[in-house]
Amino acid sequence: MRIPNRRAVLGAGIAVAGSGLLAACSSSGTDHSTMGNDGTPAPKGYVSPDGQEVAAAEAKRNPGPERKVKLTAVETQLDLGGRTVRSWAYGDRLPGQEVRVTAGDTLALTLANHLPQSTSIHWHGLAMRNDMDGVPGLTQRAIKPGASFEYRFAVPNPGTYWFHPHSGVQQDRGLYAPLIVEDPKEPLTYDREWVVVLDDWVDGIDGSTPDAVLAELSNGMGGMDMGDSGGMDHGDMSNMSMSTKSPSPKPSGPPRMMMGATSALLGGDAGDVAYPYYLVNGRTPDDPQTFQAKPGDRIRLRIINAGADTAFRVALGGHTMTVTHTDGFPVEQAETEALLLGMGERYDVLVTAKDGVFPLTALAEGKKQSGLALLRTSSGAAPGPSVRPKELGGKLLQAGQLRAAEPVRLKPGKPDRTITFKLTGSMTKYDWAINGKKYDPAQRYPVRSGERVRLSFVNGTEMWHPMHLHGHTFALPGGGPRKDTAIVLPGKTLDVDFDADNPGLWMIHCHNVYHAESGMMTVLGYRK
């Protein structure tokens, strides 16, 4: 199969591609044409997303049968269960329609952008070709309103993944959906599968939008007028690789900055945003989704935290869960009553369904509210929307307590290179950054193909940060699980290792959307 390089893919669509940061630059030549915040070109000597190294890495994946999907990003009415809002979504549903492929397939997904802003799709957790990673201003041009773009890439690894924009704070609208990659040699046996997507929701409630929330937060806690940007540059997002430029929003909705939300599990401050709703599969607790099964059924739950600012503590009333995977990769199976998921994290668990009606509760950690879905295996009254199963206070497993399954465990070895990322900033100034520097698309932290790389996340802030690496999975210490997103607690250091085997320019950022958009992002670049 002929694998088109990035230049060939863009050649057909350049007339309709978004402008982004790349529009001002030529796409010819071997160095990727990304400009820094100050207008200076990115440093030379790095693999470009459209470079031959990326095409060669894709060819080694031996792309298999093509799976075609068409997707439309639209402004639409969404029924959250008793509350209808106007928002942005993939189609007219929340979450967006699940995309399901088999490991080894070639996904050919065309996104048509019917939104009033430019957009993109990032494939969260996939180790795929760099030019399809979906980061405007770094790996592709943003997709302009009225335009479309075909994402085409080999899907290498089975597991539970998801996709969302990497454009401004669009993810905190309804633009997200599961991506399930089936294992052609699936080792697990189960009767049913339940994909569970968790979210925190503010868009369209009493006039609120994520852009207005970002504007409020960006003023910090210094007592400034929440309706005035105060001269901050949060409205002009063109210098953010998670962003496409959008106008500075007018004040809208009530104040959403959260004060006093704390969690011992998260080391203190639990989050920045007071959301009016917490959703499970797009529904509020007042009208939850019900999953039907039979007593004795073995059910695989694939749980995804698609929230922007909320960690969820998850439990299924009356049941214990067997953890089988995190972030798509298998672990040594472990029993638990509850799980903690930071934004972007995924867990797969097995449960054996009992007889009755049971709450699947997603407690917004530290925020005193929750999302809800129901497991029903027989008749009976459903629990109420505020139900708190006792399992929420029971045994709780976190990622650091798990071990990778032996076949996917990172082989022991000393790092060839260690990169330290100091997580900096505060709620007072809302100046989140990495190594004291706000995101600049021309920034590069160099690595070379074949190296074992250690990333040392040093959290000097008073908040927790779920740190996400694009295009790779890393290993937690001591034979820990393979992950792409991991919680770094305040005042703590987390060292993770990965093998540099996927050339390109790759984002590293906090998966709190508001922290990332205010500057807590940077770029890992492969040297030629």
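Gly-220 follows helix α3, and its phi is positive, near 70°. That comes from a predicted model, as does everything else I will say.

Let me stay with the helix. α3 covers residues 210-218, and nine of its nine residues are buried. Going along it, they are Pro-210, Asp-211, Ala-212, Val-213, Leu-214, Ala-215, Glu-216, Leu-217 and Ser-218. Note that Asp-211 and Glu-216 are on that list of buried residues. What do the buried residues of α3 pack against? The partner is α4, residues 513-518.

Now a strand. β32 runs over residues 505-510, and His-509 lies in it. Is His-509 buried or exposed? His-509 has a relative accessible area of 0%, so it counts as buried, the cut-off being under 20%. Its side chain makes two polar contacts that I want to point out. One is with the side chain of His-166, at 3.2 Å. The other is with the side chain of His-470, also at 3.2 Å.

Finally, the chain as a whole. It has 528 residues, and 60% of them are buried. Looking at contacts with a separation of 6 or more, 75% are between residues 24 or more positions apart.

To go back to where I started: α3 is the helix whose buried residues pack against α4, and Gly-220 comes after it with a positive phi.

How values were computed: Residues are numbered from 1 along each chain as its sequence is written. This is a predicted model: local features need pLDDT of at least 70, side-chain atom pairs count only at pLDDT 80 or more; totals for chains, interfaces and linings use all residues. Side-chain values use heavy atoms; hydrogens and water are left out. Helices (H or I, at least four residues) and strands (E, at least two) are DSSP runs, numbered from the N terminus. Buried means under 20% relative accessible area, exposed over 50%, partly exposed in between (1.4 Å probe, protein chains only). A polar contact is a pair of N or O atoms within 3.5 Å; within protein, one must be able to donate a hydrogen and the other to accept it, and residues adjacent in sequence count only if both atoms are side-chain atoms. Contact means heavy atoms within 4.5 Å.
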